[in-house]
Amino acid sequence: MAAKSSFSDPQWWKEAVVYQIYPASFQDTNGDGWGDVKGITSRLDYLKSLGVDVVWSSPIFKSPQADMGYDIADYKDIDPAYGTLADVDELIAEAAKRDMKVMMDLVVNHTSNMHAWFLESRSSKTDPKRDWYIWKPPKSVSPTGEPEPPNNWAQILGEANSAWTYDETTKEYYLSVFTPEQPDLNWENPEVRAAVWDVMHFWLDRGAAGFRMDVINMISKVTSYPDAPVVLDPASHKYQPGTQFFTNGPKLHDYLQEMHREVLSKHDTITVGEMPGVSDPAEILRTVGAHAGELRMIFIFDLVDIDKPNVRMALKPWDVKEMKGIISRWQRAMIERDGWNSVFIENHDNPRSVSRYTDDSDTWRDKGAKLLALMQTTLGGTLFVYQGEEIGIRNAPLDWDTAEYKDIETVNYWKKCEAIYAHNPEKLAEGRKIIQMKARDHARTPMQWDSTPNAGFAAEGVKPWMRLMDDWPTVNAAAQMQHRSGNAADDDEELSVWQFWQRGLADRKEHKDVFVYGDYEELSPQDENVFAYVRTSHNSTGGEKWVVVLNFSGQEQSYHGVPGELEFWAAGTYTKGRPEKATKGGSVTLRPWEGVLGKLKA
């Protein structure tokens, strides 16, 4: 007999609102222009007032910072740039006082090339830790006498480069899928897995609530390491994407089930796996199904990859119907097959959502940001909010010099553009536009707290590690928290983006039977501009029904698909109360980038 669905069974991690912090850019407290752990602790009351339950920080472990901390040199120590272990203990304790939890970022597909494990591994072919990483002899020697990599896989953060790095000491290559500074661990070795379990126990015993797991579906590789198919023009791309051979490999589920047995089953954790390159429901349910014995949820990248062709730093057209289809597909899949969704559209690896999915101009930025907030706070799954998303931070403008961009992926991409298109201004301009639209840097500008010097991120006179967005004097948290556009008691008062997020998170918790655990039905899937859906309480006796109607266009839209009569309109992105042109019947007129939420009569 099939197990009873547990989709609507209450769990704290299902209802939690998780806030992701990019620690270098959140809050500097020691005057070095770089955010730190004490800075996170100092802002816990802010996060609590917004409605956050779980704080997740990108890596703060000891690291040479070749890839902003995703190259870890010591899993059990904190990088001095961020603070100390005692600072993290204080963060966990202070969060607990506020009924909040702290989630760590677990990066165990690879380490830093400065990690003690790797330093031992590369010291000789006979070192006991040699097999902790993936070493291979050269495939061949080039006509000029240079060694050639074992295969043609391209590096992820620098596609012009090989995924293999040659080591002069032992005359072999090690696999380094992201950068040469990030050698891949060999998960085939049980000693490696045991070392990872030890790291996880260390942090759970210290009070961490769980883990976000970096590229966790890359831990199993196809061990024959074949050449990748040629999908990019070989004239300009010597190396090719090898993703199919190191993503969702043959032993992935064995490893995740072992992780669950050895560590996760012993704690009441929140876990979310970063799993790029997989969008098959059956495969994903093997990980996040309620009875899978692996992870609570994963990040499904179909929506944030909507404009991605073969490689990330490129653009392809998309439309609202495609966006709606992706969201509806995963809402229904998890309900019907007893899995669990993560709800997100921003993180440290993606540009700002208001620039990507709406109109980030001064006229429409706040409307687009609230539209996206209304959508996310009414979708089923665990909600993830990214630092600055709650105030509608947008992408850096096109007139920023490329020297302002710090991310290794952006730097490598622009070097490639300059090398290939040095005499092609049109192609260079296209590359520059891709950076302005897709660079990870857009999510990493310092947090805009207030209108004081350095936006409150760092003290006056301190140079932040990265340039602040130019609009911080007006687009900042303090201004939006204190915002009043009219009478505070007036239902037609317009909320700031921050206030709208706060209201949406409060409504989500008050009506969790509907918005977290409820059923989902898309309306009018063929509509080219409007995204509408009904959320119904999972409680069949006296269950509530709510309708969400979102205008993803810059023009007024008349929508006639509201199913049945409304009790009332609960919220609109233009006003706190009833939308200006709404009726209680089956239609509503929406202004550009407007969204509305209404309660339907039973």
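Reply: Helices here are DSSP runs of H or I with at least four residues, and strands are runs of E with at least two, numbered from the N terminus. The model is predicted. On that count, the protein chain has 17 helices and 24 strands. Its radius of gyration is 24 Å, close to the 25 Å that the globule rule gives for 602 residues, so the chain is as compact as a globular protein of that length. Along the principal axes, the C-alpha atoms fill a box of roughly 75 × 65 × 50 Å.

Next, the annotated regions. UniProt, in an unreviewed entry, lists residues 20–444 as "domain: Glycosyl hydrolase family 13 catalytic". That span is 32% helix and 14% strand. The C-alpha atoms at its ends lie 12 Å apart. The domain assignment gives domain 1 as 116–175 and domain 2 as 517–600. The C-alpha centres of domain 1 and domain 2 are 56 Å apart.

Now the helix pairs. Take α12 (residues 365–377) and α16 (residues 497–510). Their axes lie 9 Å apart, at an angle of about 10°. Angles under 35 degrees count as roughly parallel, so α12 is roughly parallel to α16. From α12, the contact uses Arg365, Asp366, Ala369, Lys370, Ala373, Leu374, Gln376 and Thr377. From α16 come Val497, Phe500, Trp501, Arg503, Gly504, Leu505 and Arg508. Seven of the contact residues are nonpolar, three polar and five charged.

The other pair is α13 (residues 408–420) with α14 (residues 425–438). Here the axes come within 10 Å and cross at roughly 170°. Angles over 145 degrees count as roughly antiparallel, so α13 is roughly antiparallel to α14. On the α13 side, the residues are Thr410, Tyr413, Trp414, Cys417 and Glu418. They meet Leu428, Gly431, Arg432, Ile434 and Ile435 in α14. By class, this contact has six nonpolar, two polar and two charged residues.

To recap the directions: α12 runs roughly parallel to α16, whereas α13 is roughly antiparallel to α14.

How values were computed. Residues are numbered from 1 along each chain as its sequence is written. This is a predicted model: local features need pLDDT of at least 70, side-chain atom pairs count only at pLDDT 80 or more; totals for chains, interfaces and linings use all residues. Side-chain values use heavy atoms; hydrogens and water are left out. Domain bounds come from an automatic or database domain assignment. Axes are lines fitted to C-alpha atoms, for helices over the stretch in contact, and angles run from 0 to 180 degrees between N-to-C directions. Angles under 35 degrees count as roughly parallel, over 145 as roughly antiparallel, 65 to 115 as roughly perpendicular and the rest as oblique. Contact means heavy atoms within 4.5 Å. Ala, Val, Leu, Ile, Met, Phe, Trp, Tyr, Cys and Pro count as nonpolar, Asp, Glu, Lys and Arg as charged, and the others, Gly among them, as polar. UniProt positions are given in the numbering used here, feature names are shortened, and annotations may be inferred rather than shown by experiment. The radius of gyration is taken over C-alpha atoms; the globule rule is 2.2 Å times the number of residues to the power 0.38.
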